Every structure is written in C-alpha cells, then in structure tokens.
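Take a look at the model below.

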Amino acid sequence: MRDYWMNDELWRYFELDDERFVRRQVELEGPDREANTACSMDEWEDALRDNIGDQYYETYGMVDEWSFTHGDHEDPQPSDKAEFESVWAQARRACEAGSRSRPDPAL
C-alpha cells in the first residue's frame, strides 16, 4: 500500500502482513522525495531486544506499529511488490548513507 499526505508532502509505502499490520515502511518527503524512514518491524523488534533501538531509529526511523486498517492514512492506494522493493532499496541506501531527512521533533 501507499498513501500521500499532501499537507506534509509525504509519500508513505507499506508492506503489510496477512493481518494488515505494517511489516516494512518507507517515507519520502518533500518535492525531492527524500527518505526519512526505511524501517522493518522485524529489525525494530531485534534492535529493541538487543538494546540498540535508539541507533536503529537514528538510521532508519520507526515503523507504524498500528494495523493499516486503524492507522491515520489518507486515501491509501495499492502498490505492487516491485514498486515497493524499488522504493525500499533506494530509501535504505539513503538511510545507511546517513542522508535520512529527519522530521522536526517540535512538530
């Protein structure tokens, strides 16, 4: 799935499990679609277990832990696997290179 938040100029892409919970998430913001999130629920859970959640968040952001059916989504659209994988790979490279844009924590 994917959705676009016009007011925030934010594209969000989601890989969902069978119960429609988010497993992987990508967020691209602004007119240049800069990556600010490229995270995996499995990796996030591992990072928390290994007590490195802060480092994981600093690199990849945080996954929306809510079910897609209960989250705050504006007009979700279907996205195929190939599109998601392409967006995922680009966003991961940006995050790992340290070029992840970070939302203003005051907002």
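What follows is a set of questions and answers on those labels.

This is a predicted model, with residues numbered from 1 along each chain as its sequence is written. Local features need pLDDT of at least 70, side-chain atom pairs count only at pLDDT 80 or more, totals for chains, interfaces and linings use all residues, and side-chain values use heavy atoms, with hydrogens and water left out.

Q: What makes Glu27 and Arg12 a salt bridge?
A: The term asks for a side-chain nitrogen of Lys or Arg within 4 Å of a carboxyl oxygen of Asp or Glu. Here the N to O distance is 3.9 Å, and the pair counts. Glu27 sits in strand 3 and Arg12 in strand 2, 15 residues apart, so the pair links distant parts of the chain. Strands (E, at least two residues) and helices (H or I, at least four) are DSSP runs, numbered from the N terminus.

Q: Which class does Arg12 fall into?
A: Its relative accessible area is 7%, so Arg12 is buried.

Q: What makes strand 1 and strand 4 edge strands?
A: Two strands pair if DSSP finds at least two bridges between them. Strand 1 (2-5) and strand 4 (34-40) each have a single partner strand, so one side of each is left without a neighbour in the sheet. The open sheet has four strands in the order 1-2-3-4, with antiparallel pairing.

Q: How do you know that strand 1 pairs with strand 2?
A: Four bridges join strand 1 to strand 2 (residues 10-16). One of the partners is known by name: Tyr4 is bridged to Trp11 in strand 2.

Q: What describes the packing of helix 1 and helix 2?
A: Their angle is about 145°, and the axes are 7 Å apart. Axes are lines fitted to C-alpha atoms, for helices over the stretch in contact (heavy atoms within 4.5 Å). Angles run from 0 to 180 degrees between N-to-C directions.

Technical notes: Buried < 20%, exposed > 50% of the residue type's maximum accessible area, 1.4 Å probe, protein only.
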